[in-house]
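Welcome, and please take a look at the model below. A short briefing follows, grouped by topic.

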Amino acid sequence: MGPGLYLGHYLLRMNPILLLGGLAGAQTMTASMAAVQDRSGSPVAVLGYTPAVPIGHILLTTWGTVIVGVMAN
């Protein structure tokens, strides 16, 4: 289990389905969110996925630009 799963499950006491949806959203992986939703048989994972995806996309775009700028100099 990864550190995000431990932190969310044991420290924050999150619902496992919401936690897995949030982790999938943080990694911006729609396929993994669909897999969680399919295995759980419930669309609840989308509630964790939805707020994490825009933040993940913004961070990917911002840090990608920063890393390219640092490597270019």
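Helices here are DSSP runs of H or I with at least four residues, numbered from the N terminus. By that definition, Met71 sits in helix α4, which covers residues 45-72. Please keep in mind that this is a predicted model, in which local features need pLDDT of at least 70, side-chain atom pairs count only at pLDDT 80 or more, and totals for chains, interfaces and linings use all residues. Residues are numbered from 1 along each chain as its sequence is written, and side-chain values use heavy atoms, with hydrogens and water left out.

**A nonpolar patch**

- Ile55, Leu59, Trp63, Val66, Ile67, Val70 and Met71 together make a nonpolar surface patch of about 760 Å².
- Such a patch joins nonpolar side chains (Val, Leu, Ile, Met, Phe, Trp, Tyr) within 5 Å, taken from residues with over 30% relative accessible area and no salt bridge; a salt bridge is a side-chain nitrogen of Lys or Arg within 4 Å of a carboxyl oxygen of Asp or Glu.
- The areas come from the Shrake-Rupley method with a 1.4 Å probe, and for residues only the protein chains shown count as cover.
- Met71, one of the patch residues, is exposed at 67% relative accessibility (exposed is over 50%, buried under 20%, partly exposed in between).

**An aromatic pair**

- Rings of Phe, Tyr and Trp (its six-membered ring) pair if their centres lie within 6.5 Å, and planes under 30 degrees apart count as stacked; by this rule there is one aromatic pair.
- That pair is Tyr6 with Tyr10, stacked at 5.7 Å centre to centre with 25° between the planes.
- The two tyrosines, Tyr6 and Tyr10, are four residues apart in helix α1, so about one helical turn separates them.
- Tyr6 is partly exposed, at 41% relative accessibility, and Tyr10 is partly exposed too, at 45%.

- Most residues other than glycine have a negative phi.
- Arg13, although not a glycine, has a positive phi of about 55°.
- The loop that holds Arg13 runs between α1 (3-11) and α2 (16-26), and Arg13 is exposed there, with a relative accessible area of 64%.
- Thr28 is not a glycine either, yet its phi is positive at about 50°.
- Thr28 belongs to the loop between α2 and α3 (30-40) and is partly exposed, at 22% relative accessibility.

**Ala35 and Ala24**

- Ala35 lies in helix α3 and is partly exposed, with a relative accessible area of 39%.
- Ala35 and Ala24 are eleven residues apart along the chain, and 9.7 Å separates their C-alpha atoms.

Conventions: Buried means under 20% relative accessible area, exposed over 50%, partly exposed in between (1.4 Å probe, protein chains only). Rings of Phe, Tyr and Trp (its six-membered ring) pair if their centres lie within 6.5 Å; planes under 30 degrees apart count as stacked, over 60 as edge-to-face and the rest as tilted. Patches are made of residues with over 30% relative accessible area and no salt bridge: like charges are joined within 9 Å, nonpolar side chains (Val, Leu, Ile, Met, Phe, Trp, Tyr) within 5 Å.
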